[in-house]
Amino acid sequence: MTRALLHPLILLTALLWLAAGPAAADLSKTRQLMALIRFDAAMERFSSSGAEALETEVQGLPDQVATALATLWSRHFEARSLIAEITASVAADLSDDQRDALLALYATPQALRITEIEAAAQSGAAREARGAEAEDLLARLQEAGDPRLALHDRRARATDAVEVSVVSGLNSTYAMLAAMMGSPRFPQVLDDAQLLALVNSLEPRLRAEAEREIAMAAAYTYRDLTEAELSDYAELMEGEGPSALYAAVNRAMERIVVERARRFGAAAMEATGARDI
């Protein structure tokens, strides 16, 4: 018995439908949702902080090389393109019911107030002023054994903030170095086991930095909220809807950032050459 073949036009239509990604309505609603949680502010912070870290790392390199790397970073980790790609991925990951429930939840006065506070704390001016104040605020909370620390931890665990930061950092570093070592210009090539060992050795430092940075950010961002407000917010973030949303965001972030790190590593070798690194 022969198997019936799909008509080529039907097959092509099906493939185009599958390749189209989320429906326009789904994507539009997801854009509204990402705007409500001020995802743009978070991604602008991610992009700019990465550029600042790169600027520190390339000190001592020839100006031409440093400029080339900075240009490549802005090209591969530009906030608007990251937002668009991650939003499309989240749109495909959430159901219609989840999307509608989240839109209603994040449009409440409580959620709108919190997201505005978070966006304000991530603004350029606030970041410049935050450093010493955030460190002092965290120290005072720790010295006093303030119960708000536990509420900050609950909120961070609800979004898996520390783990996502560490895993994404390790995987991105591995992807970038593996891509660089794939170039014949790279001066030192490690086998996969050596590269994994090198990357894994960074975990304790990355974890300590992530835990401290997230704790300081929380101490500063939510400094004017009462304990009751923080408790309500932690409970909100632990809910089924926000948990699903941040799980979708985290999956998209890790996949997309790791792939861009791989492309950045390859492009960096191509643009600069090993002799200048």
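Student: Is Asp100 buried, partly exposed or exposed, and what is its relative accessible area?

Tutor: This is a predicted model, so every value here is computed from predicted coordinates. Asp100 is partly exposed, with a relative accessible area of 36%. Buried would need under 20%, and exposed over 50%, so 36% falls in between.

Now take its partner. The side chain of Asp100 meets that of Lys29 in a salt bridge, 2.9 Å from N to O. Asp100 sits in helix α6 and Lys29 in helix α2, so this pair ties together parts that are 71 residues apart in sequence. Lys29 also counts as partly exposed, at 32% relative accessibility.

Arg99 and Asp26 form a salt bridge through their side chains, at 3.5 Å from N to O. Arg99 belongs to helix α6 (residues 96–106) and Asp26 to helix α2 (residues 24–36), so the pair links parts 73 residues apart in sequence. Here the setting is buried: Arg99 is buried, and so is Asp26.

For another example, turn to Arg207. Its salt bridge is with Glu163, and the closest N and O atoms are 3.0 Å apart. Arg207 lies in helix α12 and Glu163 in helix α10, so parts 44 residues apart in sequence are tied together. Arg207 is partly exposed, with a relative accessible area of 22%. Glu163 is partly exposed too, at 35% relative accessibility. Back at Arg99, salt bridges with shared partners join Asp26, Asp96 and Arg99 into one network. A search of the whole structure finds 19 salt bridges.

Next, the nonpolar side. In soluble globular proteins, nonpolar side chains tend to be buried together. The largest nonpolar core in this model has 44 residues, and those with the most contacts inside it are Phe39, Ile86, Val90, Tyr106 and Leu245. Helix α14 (residues 240–272) supplies the largest share of this core, 12 residues. Look at Ile86. Setting aside neighbours within four places in sequence, Ile86 is in contact with Met34, Phe39, Met43, Ala252, Met253 and Ile256. Apart from this core lies another, of 13 residues, including Val162, Val166, Val199 and Met269.

Tyr106 leads on to a cavity. The count comes to 1 cavity of 30 Å³ or more. The largest cavity holds about 50 Å³ of space. Its lining includes Tyr106, along with Ile37, Glu118, Tyr233 and Tyr246. Helices α7 (109–121) and α13 (227–237) are the elements that give two or more residues to this lining. The most comes from α7, with 4 residues. By class, the lining of the largest cavity has 8 nonpolar, 1 polar and 1 charged residues.

Finally, the second largest pocket, where α10 and α12 come up again. About 250 Å³ of space lies in this pocket. It is lined by 16 residues, and the closest to its centre are Asp153, Ala156, Glu211, Ile214 and Ala215. Helices α8 (124–144), α9 (148–158), α10 (161–181) and α12 (203–221) each supply at least two lining residues. The most comes from α9, with 6 residues. The lining of the second largest pocket has 8 nonpolar, 2 polar and 6 charged residues.

Technical notes: Residues numbered from 1 in each chain as written. Predicted model: local features only at pLDDT ≥ 70, side-chain atom pairs only at ≥ 80, totals over all residues. Heavy atoms only, no water. Core = buried A, V, L, I, M, F, W, Y, C linked by side-chain atoms within 4.5 Å. Buried < 20%, exposed > 50% of the residue type's maximum accessible area, 1.4 Å probe, protein only. Contact = heavy atoms within 4.5 Å. 1 Å grid on protein atoms, 1.4 Å probe; cavity = no way out; pocket = protein on both sides within 12 Å on 5 of 7 lines; lining within 4 Å. Points joined across faces, edges and corners; volume = space filled by probe spheres on them. Nonpolar A, V, L, I, M, F, W, Y, C, P; charged D, E, K, R; others polar. Salt bridge = Lys/Arg side-chain N within 4 Å of Asp/Glu carboxyl O.
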